[in-house]
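These are my notebook entries on a single protein chain. I set down what I looked up, one topic at a time.

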Amino acid sequence: HFKNFTHGKCTFGEVTVPLCRKFREYLTTVHQIKHPKKLLSKNSQAGYFSTFMACLKIAYRDKLIKENVNDHLEKIPWEQTKREFLTQDELQKLAATPCDIPVLKRASLFACLTGLRFSDVVALRWENIQQATLGGQWMRIRTEKTETEATLPLSAEAIAVCGERGTGLVFKGFTKSMTSAALRNWVKAAGINKHITFHCFRHTFATLQLALGTDIYTVKEMLTHKFLSTTEIYTHVINHKKVE
């Protein structure tokens, strides 16, 4: 977007406060690159400008620009989005509903029971699942998104959906393409009228854990969040559920 904004030409000497403010304004009105008919979402605007400001910080630190322009810029505020999740009853319905792609069902239920992201579920290998000295089985992973090293306990249900122990990938044949139409059809067949994506299974894990009394610090560790404030987002959902 910055390349388009500057028509592909911009030196470090041209990076000024007015230029950066104009780019901020540009992001609030520009259309998506992949979907030219749609405007950038509020959170895409916020994320892109946040990344841009991080680049400016590095450029100033490395003396590529003379002025710390970030001191004169305002971030684009993030917009809180609705985090869809399954209730305990809905999760049980989904588990009881046959799925045309068995590995999709196993991987999805595993995500609901562990809170792992798609990138970590698809890359999970049998050597990551080990017997723990404290008893039970644990998984040792390095998360794809945050590159966090984590050792997390697995419930008996989570182990069960992994299937018979083997070698290589735990969910062999599981692909991103399965998480669109096939996932929607399975959710619909379970009688669930919600827009459920694979990432919603991570929200399901977090929300159900908090609703059932797991303390927020434990949920933070299970989700491998770096900051407690990220996990606290789920408490808003819980408060809403308390009212219901």
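I take two strands as paired if DSSP finds at least two bridges between them. Helices (H or I, at least four residues) and strands (E, at least two) are DSSP runs, numbered from the N terminus. The model is predicted, so I note that local features need pLDDT of at least 70 and side-chain atom pairs count only at pLDDT 80 or more, whereas totals for chains, interfaces and linings use all residues. Residues are numbered from 1 along each chain as its sequence is written, and side-chain values use heavy atoms, with hydrogens and water left out.

**Entry 1: the hairpin**

I looked up the bridge partner of Q137 in β3 and found L154. Strand β2 (residues 137–142) and β3 run antiparallel and are joined by 6 bridges. The two strands form a hairpin with 6 residues between them, and E147 in the turn has a positive phi of about 55°.

I then examined the two faces of β3 (residues 149–154). A150, L152 and L154 make up the covered face, while E149, T151 and P153 make up the uncovered one.

For burial I use relative accessible area: buried means under 20%, exposed over 50%, partly exposed in between (1.4 Å probe, protein chains only). E147, in the loop between β2 and β3, counts as exposed because its relative accessibility is 53%.

Is T224 buried or exposed? T224 counts as buried, because its relative accessibility is 7%. I located T224 in the loop between α10 (216–223) and α11 (228–243).

I count a contact when heavy atoms lie within 4.5 Å. Leaving aside neighbours within four places in sequence, T224 is in contact with R117, T143, T146, T148, A150 and L152. A150 and L152 belong to the covered face of β3. I also noted that the C-alpha atoms of T224 and E147 are separated by 9.6 Å, the two residues being 77 apart along the chain.

**Entry 2: T97**

I found T97 in the loop between α4 (88–96) and α5 (102–114). With a relative accessibility of 12%, T97 counts as buried.

For polar contacts I require a pair of N or O atoms within 3.5 Å; within protein, one must be able to donate a hydrogen and the other to accept it, and residues adjacent in sequence count only if both atoms are side-chain atoms. The side chain of T97 reaches the backbone oxygen of K93 at 2.7 Å. Not counting residues up to four places away in sequence, T97 touches K105, W186, A189 and A190.

**Entry 3: the cores**

A nonpolar core is a set of buried Ala, Val, Leu, Ile, Met, Phe, Trp, Tyr and Cys residues joined through side-chain atoms within 4.5 Å. Which members of the largest core touch the most other members? They are F110, V121, M139, F171, F174 and F201, out of 47 residues. Helix α5 supplies the largest share of this core, 7 residues. A second, separate core has 19 residues, including V15, V17, M53 and V69.

V121 touches A107, F110, A111, L116, F171, F174 and F198, residues up to four places away in sequence not being counted. F201 lies in helix α9 (residues 200–211) and counts as buried, at 0% relative accessibility.

**Entry 4: rings and charges**

I pair rings of Phe, Tyr and Trp (its six-membered ring) if their centres lie within 6.5 Å; planes under 30 degrees apart count as stacked, over 60 as edge-to-face and the rest as tilted. The count by this rule is 14 aromatic pairs. The pair of F198 and F201 is edge-to-face, because the ring centres are 5.4 Å apart and the planes stand at 80°. Both residues are buried. One aromatic cluster is formed by F2, F5, F23, Y26, F49 and F52.

A charge sits over a ring if NZ of Lys or CZ of Arg is within 6 Å of the ring centre and within 35 degrees of the ring normal. K176 lies over the face of F118, at 4.6 Å from the ring centre, and K194 over that of F85, at 5.3 Å.

**Entry 5: the chain as a whole**

I recorded 11 helices and 3 strands. Of the 244 residues, 39% are buried.
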